[in-house]
Every structure is written in structure tokens, then in C-alpha cells.
Amino acid sequence: MVKIENEIQYQGALKRVEELMLTLPEDTPKDDPLMVELELLGNLVADYDEEHYPVGKPSLVEVMKLRMYEMGLTQASLAKLIGVSPSRVCDYFSGKCEPTMKVGRQISNKLNISPAIVLGV
């Protein structure tokens with residue numbers, strides 16, 4: 001099989017990948033026929049996933065909420081960290097407004113978020 005052409009083939013390949021992953025020990029040599037099959041099918045499944053189930057870029061709000069969770073921040077503590085009022089953070093999250101360049105810089109630096117995400121590029 002060179003490419004997975006449809007959902008039925010995809011489901012079959014996905015099932016076989018799961019079977020192989022459950023049966024092959026971690027120390028299986030890379031040249032073992034079943035390991036070769038697993039790698040080939042895994043690549044085909046990944047290619048099909050990318051084509052048919054693409055994952056879009058995360059929004060700034062999604063990344064900010066994730067960082068808040070990871071850092072254990074509340075909206076109030078986030079507001080203090082980036083130098084804005086809690087109501088302004090609420091406005092960012094609701095989509096009423098976007099951060100200024102100055103606040104965007106703080107978001108990028110304090111939350112370690114890529115400037116590209118902050119700028120939406």
C-alpha cells in the first residue's frame with residue numbers, strides 16, 4: 001500500500017497499528033518484519049491524518065488559557081503578571097478586544113508564548 005485512499009483503509013490500518021503496538025516489545029529490532037510493518041503503516045496513518053484531520057493553529061486565547069493552567073494562574077493573577085486589569089483579561093478572552101503591542105510583548109515574555117502566536121501569524 002502506497003497511500004491510504006479512504007476511511008475504510010484508514011480504519012483497518014489504524015486497527016493494525018494498535019495491534020502491533022500492543023504485541024511488539026519495546027526492544028524489538030528495527031529490522032524485524034513486524035516492526036517494519038508498524039513503521040510503514042504508522043507513516044501511512046499519519047499522512048492520512050494530516051490530509052483529512054488537520055489540526056489548526058491555536059489561538060492566542062487558547063494558548064494563554066493553557067499557560068494559565070500550567071502555571072496555576074487565575075485571571076486576576078494573570079492580569080497582575082502582564083500589567084492589565086482583570087476586566088481587560090476578560091475582554092481578551094471574550095474576544096471584545098485584542099492586546100496592545102506592549103501587552104502582547106508582556107504576554108510573550110511572561111507566559112513564554114511565541115511572538116508569532118501573539119501576533120496571529
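The crossing of α3 and α6 is left-handed (the near helix is turned anticlockwise from the far one by less than a right angle). The model is predicted: local features need pLDDT of at least 70, side-chain atom pairs count only at pLDDT 80 or more, and totals for chains, interfaces and linings use all residues. Residues are numbered from 1 along each chain as its sequence is written, and side-chain values use heavy atoms, without hydrogens and water.

The axes of α3 and α6 lie 11 Å apart, at an angle of about 40°. Axes are lines fitted to C-alpha atoms, for helices over the stretch in contact, and angles run from 0 to 180 degrees between N-to-C directions. From α3, L60, M64, R67 and M71 meet I107, K110 and L111 of α6 (heavy atoms within 4.5 Å). This contact of α3 with α6 has 5 nonpolar, no polar and 2 charged residues. Ala, Val, Leu, Ile, Met, Phe, Trp, Tyr, Cys and Pro count as nonpolar, Asp, Glu, Lys and Arg as charged, and the others, Gly among them, as polar.

L60 also lines the largest pocket. Its 15 lining residues include E98, P99, I117 and V118, which with L60 lie nearest the centre. α3 (60-71), α6 (101-111) and α7 (115-119) each give two or more residues to this lining. By class, the lining has 10 nonpolar, 4 polar and 1 charged residues. The volume of the largest pocket is about 260 Å³.

Helix α1 (residues 7-23) packs on helix α2 (residues 33-52) at about 140°, with axes 9 Å apart. That makes α1 oblique to α2. The crossing of α1 and α2 is left-handed. Among the contact residues are Y10, L14 and V17 in α1, and L38, L41 and V45 in α2. The contact divides into 11 nonpolar, 1 polar and 4 charged residues.

Notes:
1 Å grid on protein atoms, 1.4 Å probe; cavity = no way out; pocket = protein on both sides within 12 Å on 5 of 7 lines; lining within 4 Å. Points joined across faces, edges and corners; volume = space filled by probe spheres on them. Helix = DSSP H or I, 4+ residues; strand = E, 2+ residues; numbered from the N terminus. Parallel < 35°, antiparallel > 145°, perpendicular 65-115°, else oblique.
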